[in-house]
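Here is a colleague's note for someone opening this structure for the first time. Please keep the sequence and the 3D view side by side while going through the points.

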Amino acid sequence: MSSLRQQIKKIESNIEQISVISRNPSQYKGKYDVEKAIKETNTLINYLEMDAHSVPSLEAQDALLKVQQFKTQMACLSILFKEPGSPFISSSASLMDTRNKALTATAQLNQSSERIRAAGKLLAETEELGMSALSQLQNQRSKIENAVKVLNSTQNDLNSGAKTISTMERRSRFPYM
C-alpha cells in the first residue's frame, strides 16, 4: 500500500514542477523537457490507476480519486503548453481562457469526486443491508430445518403410535392370536 502513496507523491512532485515552469518563464528549460515531464507524469498516472484497480481497499479508492484529479491537472497543463505561442500563453485573454478551462475542469472533477464518494457510501450501505438480509435468511433457514426435523420426529411418533393402537385393537378382537 505504501507503493500507492509513493506513486502519488511522485506524481504530485512532477505536477508541481511542471506548474512552476508554466508560471515562471525564466525557469523554462526548453519545450522538450516539459513535454518529457508531461509524458512521464501521464505514464505514472496510468501506472497508479492500474495498481489502484488491482488492490481492493479504501486506500485504492482514494488513489483512484487522485488519479482523476491528476488527469484533470495534466489536461490543463497540457493545454497550457499546447496553446499557440508556447511555451507560455502570450496574451492575457488566452491566459484567462485557459484558467477558465482549468477551473471548469476542476469543478467537474470535484463533482465527479463527490459522486464517487456518494456512490461509495451507497455501496457500503447496500453491502451492510445485504449482509443483514443474508444473516436473517440463514437464521430462518435454520429454524425451518429444525421445524422439519421436529415434524419428521412427530410423524415417526404418530406412525409408531398408530401401529401400537392397531396392534392393541387386533389383540382386543382376537385375544388368542
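1. In this predicted model, the largest nonpolar core has 17 residues, and of these L48, F70 and M74 touch the most other members. The elements that give two or more residues to this core are helix α1 (2-23), helix α2 and helix α3 (58-82). For F70, leaving aside its neighbours within four places in sequence, the residues in contact are I8, I11, E12, I15, I45 and L48.

2. As for the overall layout, the protein has four helices and zero strands, and its pattern along the sequence reads α-α-α-α. Of its 177 residues, 20% count as buried, while the protein exposes about 13100 Å², with 57% of that supplied by carbon and sulfur atoms. Among contacts between residues at least 6 apart in sequence, 69% join residues that are at least 24 apart.

3. Six salt bridges are found when the whole structure is searched. One of the pairs is K10 with E40, whose side chains meet at 4.0 Å, N to O; because K10 lies in helix α1 and E40 in helix α2, this pair ties together parts that are 30 residues apart in sequence. K10 is partly exposed, with a relative accessible area of 40%, and E40 also counts as partly exposed, at 37%.

4. A salt bridge also joins E12 and K66, with the closest N and O atoms 3.2 Å apart. This pair links distant parts of the chain, given that E12 is in helix α1 and K66 in helix α3, 54 residues apart. E12 is partly exposed at 32% relative accessible area, and K66 is partly exposed at 28%. E12 is also among the residues in contact with F70.

5. Which residues does E49 contact, once its neighbours within four places in sequence are left aside? They are L64, V67, Q68 and K71, and with K71 the side chain of E49 makes a polar contact of 2.9 Å. E49 itself has its place in helix α2, which covers residues 31-53.

6. Is L137 buried or exposed? L137 counts as exposed because its relative accessibility is 51%, and the cut-off for exposed is over 50%.

7. R173 and E169 both lie in helix α4, four residues apart, which is about one turn of the helix. They form a salt bridge in which the closest N and O atoms are 2.4 Å apart. R173 is exposed, with a relative accessible area of 56%, whereas E169 is partly exposed at 38%.

Conventions. Residues are numbered from 1 along each chain as its sequence is written. This is a predicted model: local features need pLDDT of at least 70, side-chain atom pairs count only at pLDDT 80 or more; totals for chains, interfaces and linings use all residues. Side-chain values use heavy atoms; hydrogens and water are left out. A polar contact is a pair of N or O atoms within 3.5 Å; within protein, one must be able to donate a hydrogen and the other to accept it, and residues adjacent in sequence count only if both atoms are side-chain atoms. Contact means heavy atoms within 4.5 Å. A nonpolar core is a set of buried Ala, Val, Leu, Ile, Met, Phe, Trp, Tyr and Cys residues joined through side-chain atoms within 4.5 Å. Buried means under 20% relative accessible area, exposed over 50%, partly exposed in between (1.4 Å probe, protein chains only). Accessible areas come from the Shrake-Rupley method with a 1.4 Å probe; for residues, only the protein chains shown count as cover.
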